[in-house]
Amino acid sequence: MNLSDCFEAERVLANGYFLATQFVVVVLNVSGTMLCAYTTALIVASQVFHINLRILLVNLSALICLRTALTLNRSTVNIIVGFSYKNNCDLLKEAGWCNSYSAITAAPFESLVFAFTAIALERCLATIAYKRYEKWKFPFVAIILAPITWINIALIIHTSISKHTSNNVTVSYRPYCSTITTGYVDFGKLFNYSIPVIIASFVLFVAVYVICRRKLRFVLKCALFASTH
């Protein structure tokens with residue numbers, strides 16, 4: 001354990017500005033979770049949306065709430081430790097644990113990309129086969145798509161725990177634990193699948209918008225023609 005790391009950890013984690021920032025994060029996360037839960041309840045109770053869309057929107061909310069809960073936990077721990085530590089070396093985080101926790105915390109954020117894609121695919125299906133789709137009562141589309149969005153989280157958690165438990169290397173410590181300091185944020189990984197998936201989802205949503213707009217114009221023209229004849 002390096003004493004310079006202990007002083008660096010105290011400089012960062014016991015800093016008043018840092019603790020104030022963490023407090024703001026806690027407030028935002030709590031209020032955001034409450035609003036998200038309220039919105040989710042409205043979606044569940046609503047009969048306007050199709051059952052498949054409702055389930056996928058709830059799935060999206062669940063991912064957001066999970067991400068918020070993990071971030072809330074990290075900020076809360078930072079605040080508690082920042083006020084209760086007795087030795088500056090107590091602020092250090094074990095590097096292996098830090099890497100695993102950072103990966104798990106970031107996992108829901110990455111899976112949000114796939115949650116939006118699932119909604120885009122569902123909307124495409126609803127747009128293409130809308131006459132039959134609206135009559136479907138069993139949400140088989142959501143049952144297939146929703147669990148797929150959680151596969152990434154399961155894989156990341158499994159990989160992180162496996163690496164941490166099988167790590168026999170000498171224990172090292174970090175003065176501050178985050179997805180950036182651990183190097184988990186990899187911009188190359190964004191271009192490997194995140195950005196292409198986001199672009200694909202955007203294209204699907206645009207396609208749905210264009211098709212629906214054209215159908216609406218066609219329906220309005222038919223209605224106008226029927227009213228004048």
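Predicted model: local features only at pLDDT ≥ 70, side-chain atom pairs only at ≥ 80, totals over all residues.
## Notebook: helices, cores and a nonpolar patch

**Entry 1. Overall layout.** I began with the secondary structure and found 8 helices and 2 strands in the chain. I then followed the elements along the sequence and wrote down the pattern α-α-α-β-α-α-α-α-β-α. Next I looked up burial: of the 229 residues in the chain, 34% are buried. The chain exposes about 14,300 Å². Carbon and sulfur atoms supply 72% of that area. I also checked contacts with a separation of 6 or more; 88% of them join residues 24 or more positions apart.

**Entry 2. The largest core.** Which residues have the most contacts inside the largest nonpolar core? I noted Leu56, Leu57, Leu60, Leu63, Ile119 and Leu145, in a core of 20 residues. I traced this core to its helices: H3 (51–84), H4 (95–128), H6 and H7 each supply at least two residues. H4 gives the most, with 7 residues. A second, separate core has 8 residues, and I listed Cys6, Ala9, Leu13 and Leu91 among them.

I went back to Leu60 for its contacts. Leaving aside neighbours within four places in sequence, I found Leu112, Ala115, Phe116 and Ile119 in contact with Leu60. Ile119 is also on the list of residues with the most contacts inside the largest core.

Entry 3. I turned to Thr117, which lies in helix H4. Is Thr117 buried or exposed? Its relative accessible area is 15%, so Thr117 counts as buried, the cut-off being under 20%. Not counting residues up to four places away in sequence, Thr117 touches Val197 and Ser201.

Asn152 came next, in helix H7. Asn152 has a relative accessible area of 17% and is therefore buried as well. What does Asn152 contact, leaving aside its neighbours within four places in sequence? I recorded Ala107, Glu110, Ser111, Phe114 and Tyr193.

**Entry 4. Salt bridges.** I searched the whole structure and found 2 salt bridges. In one, the side chains of Arg11 and Glu8 meet at 2.7 Å, N to O. Why are Arg11 and Glu8 separated by about one helical turn? Because they are 3 residues apart in helix H1 (residues 3–13). Arg11 counts as exposed, at 54% relative accessibility. Glu8 is partly exposed, at 30%.

The other pairs Arg123 with Glu122, the closest N and O atoms being 2.7 Å apart. I checked the cover on each partner. Glu122 is buried, with a relative accessible area of 0%. Arg123 is partly exposed, at 23%.

Entry 5. Which helices each supply at least two of the patch residues? They are H6 (140–148) and H7 (151–165). H6 gives the most to the patch, with 4 residues. I checked Ile143, which lies in helix H6. Its relative accessible area is 45%, so Ile143 is partly exposed.

I set a general point beside this: in soluble globular proteins, nonpolar side chains tend to be buried together. I then consulted the annotation. The unreviewed UniProt entry marks "transmembrane region" over residues 20–44, 138–161 and 193–212.

**Entry 6. Two annotated spans in the model.** I looked up the geometry of two of these spans. Residues 138–161 are 83% helix and 0% strand. The end C-alpha atoms of residues 138–161 lie 37 Å apart. Residues 193–212 are 100% helix and 0% strand. For residues 193–212 the end C-alpha atoms lie 28 Å apart.

Definitions and conventions:
Residues numbered from 1 in each chain as written. Heavy atoms only, no water. Buried < 20%, exposed > 50% of the residue type's maximum accessible area, 1.4 Å probe, protein only. UniProt positions renumbered as here; feature names shortened; annotations may be inferred. Salt bridge = Lys/Arg side-chain N within 4 Å of Asp/Glu carboxyl O. Core = buried A, V, L, I, M, F, W, Y, C linked by side-chain atoms within 4.5 Å. Contact = heavy atoms within 4.5 Å. Areas by Shrake-Rupley, 256 points an atom, 1.4 Å probe, with all protein chains shown as cover.
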